[in-house]
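Student: I have just opened this one. Where do we begin?
Tutor: Let's go through it together, one question at a time.

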Amino acid sequence: MTADDSRSTLAMALNGAGLTFGLEALFAEHVTDGRLCLVLTDWATMGPGFYLYYSGRRQVPAGLRALLTIAAKLKPLG
């Protein structure tokens, strides 16, 4: 199965659908309590995180502006 949402893949893994790939922070609680286990840890990325590239136009669309604000506060993976 494929999904475009990490929470969906997490739900599938918790319900025995097999292996999944996702952000460590999302899965950490379930790994800690033993409901999930890490596999292929040698292949896990420890990259610097996400990058957002966008046009340098003066008028940034409201949706993009909101995303930039959230990303700056959360600093996902970085």
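**A walk through the contacts**

Student: Which residues does T9 touch, not counting those up to four places away in sequence?
Tutor: Touching here means contact, with heavy atoms within 4.5 Å. This is a predicted model, where local features need pLDDT of at least 70 and side-chain atom pairs pLDDT 80 or more, while totals for chains, interfaces and linings use all residues. Residue numbers start from 1 along each chain as its sequence is written, and side-chain values use heavy atoms, leaving out hydrogens and water. With that settled, the residues touched by T9 are A3, T20, F21 and F27.

Student: What is the length of the polar contact that joins the side chains of T9 and T20?
Tutor: A polar contact is a pair of N or O atoms within 3.5 Å; within protein, one must be able to donate a hydrogen and the other to accept it, and residues adjacent in sequence count only if both atoms are side-chain atoms. T20 is among the residues T9 touches. The side chains of the two are joined at 3.3 Å.

Student: Is T9 buried or exposed?
Tutor: T9 sits in helix α1. Buried means under 20% relative accessible area, exposed over 50%, and partly exposed in between, with a 1.4 Å probe and protein chains only. T9 has 14% relative accessibility, so it counts as buried.

Student: Which residues of helix α1 are buried, and why are they on the same side?
Tutor: Helix α1 spans residues 6-14, and its buried residues are T9, L10 and A13.

Student: Which residues does H30 contact, leaving aside its neighbours within four places in sequence?
Tutor: H30 belongs to helix α2. H30 is buried, with a relative accessible area of 10%. The residues it contacts are L10, L14, R35 and L36.

Student: How far apart are the C-alpha atoms of L14 and R35?
Tutor: L14 lies in helix α1 and touches H30, R35 and L36 when residues up to four places away are not counted. L14 and R35 are 21 residues apart along the chain, yet their C-alpha atoms are separated by 6.9 Å.

Student: Which residues form the nonpolar patch on the surface?
Tutor: Two members lie in the loop between α2 and α3: V39, partly exposed at 46%, and L40, exposed at 59%. Together the patch has about 550 Å² of accessible area, computed by the Shrake-Rupley method with a 1.4 Å probe, where for residues only the protein chains shown count as cover. Its members are L19, V39, L40 and W43.

Methods:
Helix = DSSP H or I, 4+ residues; strand = E, 2+ residues; numbered from the N terminus. Patch = residues over 30% accessible without salt bridge, like charges linked within 9 Å, V, L, I, M, F, W, Y side chains within 5 Å. Salt bridge = Lys/Arg side-chain N within 4 Å of Asp/Glu carboxyl O.
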